[in-house]
Amino acid sequence: MNGSRWACWIALPCAVALWTLIALVVQTPLLPSPAAVLDTFWQATRSGELPEHLLVTLRRVLFAFVLAMALGTLLGVWMGRSRLANAVLDPLLVLFLNLPALVTIILLYVWFGLVEAAAVLAVVINKVPNVAVTVREGARSIDPKLEQMALVYRFTRWQRIRHVWLPQLFPYLMAATRGGLALIWKIVLVVELLGRSDGIGFQLHMAFQVFDVASILAYSLAFIAVVQLIELALLQPLERRASSWREAGVRHA
């Protein structure tokens, strides 16, 4: 158990060591060493530039994530529990699933202008179908016997949602959450690159104009670190706590 806990820290140091070795061999500004990237990161942090743009991007990610998860969950549960709703909305869901994110972003900027609402809405529209598809499968798999039990014991609507639906939907919600974070922040960067004057995406665009690879890597690693921190500090503990009853059941079986 302890061995597997520490095994995840093997690949990253090996990748950094390989990166350092290659950077020393090629000796080009197009592949700066980890030390050069860390120096760029530190300078941008001291100047306040990196924290400012990072907070702007995280704000957009948070707004888009909350809206996409709420709308996608409601839509997924509705389609999973209603055959009529699924038959009517499934073609639209497939359409938006296959619509490129870039097309959505460009259209919203053309229709509404380069405003914050268009930027966030573009991200939400691209993520809602993914959440809905995942949650729909969870809604379809809800055990009808548990539903009948809830009716026999006269559960209120809130009790049914809390004690019957949520425990069964939780793995699907976690899958949608993790997939949502991975997808949303990438789309947010594209949104910022195309039509905003702040945020990590805008800074990456500015660094690209002068081929400043060190700044590109520094800003990218800063944002990846924040998302990874959310995964380790929030999502993984939440998943372990919610699924602890299963492990307890296995131990007592």
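These legends accompany several close-up views of one predicted model.

Residue numbers start at 1 in each chain and follow the sequence as written. Local features are given only for pLDDT of at least 70 and side-chain atom pairs only at pLDDT 80 or more, while totals for chains, interfaces and linings use all residues, and side-chain values rest on heavy atoms, without hydrogens and water.

**View 1. The chain as a whole.** Let's start with the overall layout. The chain has 11 helices and zero strands, where helices (H or I, at least four residues) and strands (E, at least two) are DSSP runs numbered from the N terminus. Its C-alpha trace spans about 70 × 55 × 30 Å along the principal axes. Of the 253 residues, 34% are buried; here buried means under 20% relative accessible area, exposed over 50%, and partly exposed in between, with a 1.4 Å probe and protein chains only.

**View 2. The largest pocket and its lining.** Rolling a probe the size of a water molecule over the atoms shows where empty space is left. The largest pocket holds about 570 Å³ of space. Among its 16 lining residues, Leu12, Val16, Leu221, Ile224 and Ala225 are the closest to the centre. On a 1 Å grid over the protein atoms alone, a pocket is an open set of points where a 1.4 Å probe fits, with protein on both sides within 12 Å along at least five of seven lines, and lining residues have an atom within 4 Å of a point. Grid points are joined across faces, edges and corners, and the volume is the space filled by probe spheres set on them. Helices H1 (2-26), H2 (34-47) and H10 (213-242) each supply at least two lining residues, and H10 gives the most, with seven. By class, the lining has 15 nonpolar residues, one polar and no charged ones; Ala, Val, Leu, Ile, Met, Phe, Trp, Tyr, Cys and Pro count as nonpolar, Asp, Glu, Lys and Arg as charged, and the others, Gly among them, as polar.

**View 3. An aromatic pair between H8 and H10.** Which kind of aromatic pair do Trp185 and Phe223 form? The pair is tilted, with 5.1 Å centre to centre and 45° between the planes. Trp185 belongs to helix H8 (residues 157-195) and Phe223 to helix H10, so the pair ties together parts that are 38 residues apart in sequence. Rings of Phe, Tyr and Trp (its six-membered ring) pair if their centres lie within 6.5 Å, and planes under 30 degrees apart count as stacked, over 60 as edge-to-face and the rest as tilted. Trp185 is buried at 16% relative accessibility, and Phe223 is buried at 1%.

**View 4. The bend in helix H6.** Helix H6 (residues 116-140) has 25 residues and reaches 36 Å from first C-alpha to last, close to the 36 Å expected at 1.5 Å a residue. That expected span is 1.5 Å times one less than the number of residues. At Lys127 the helix bends by about 30°, with Pro129 following within four residues; the bend is the angle between axes fitted to the seven residues ending there and the seven starting there.

**View 5. Two loop residues with positive phi.** Most residues other than glycine have a negative phi. Gln27, in the loop between H1 and H2, has a positive phi near 50° and is exposed at 58% relative accessibility. Phe211, in the loop between helix H9 (200-209) and H10, has a positive phi near 55° and is exposed, with a relative accessible area of 58%.
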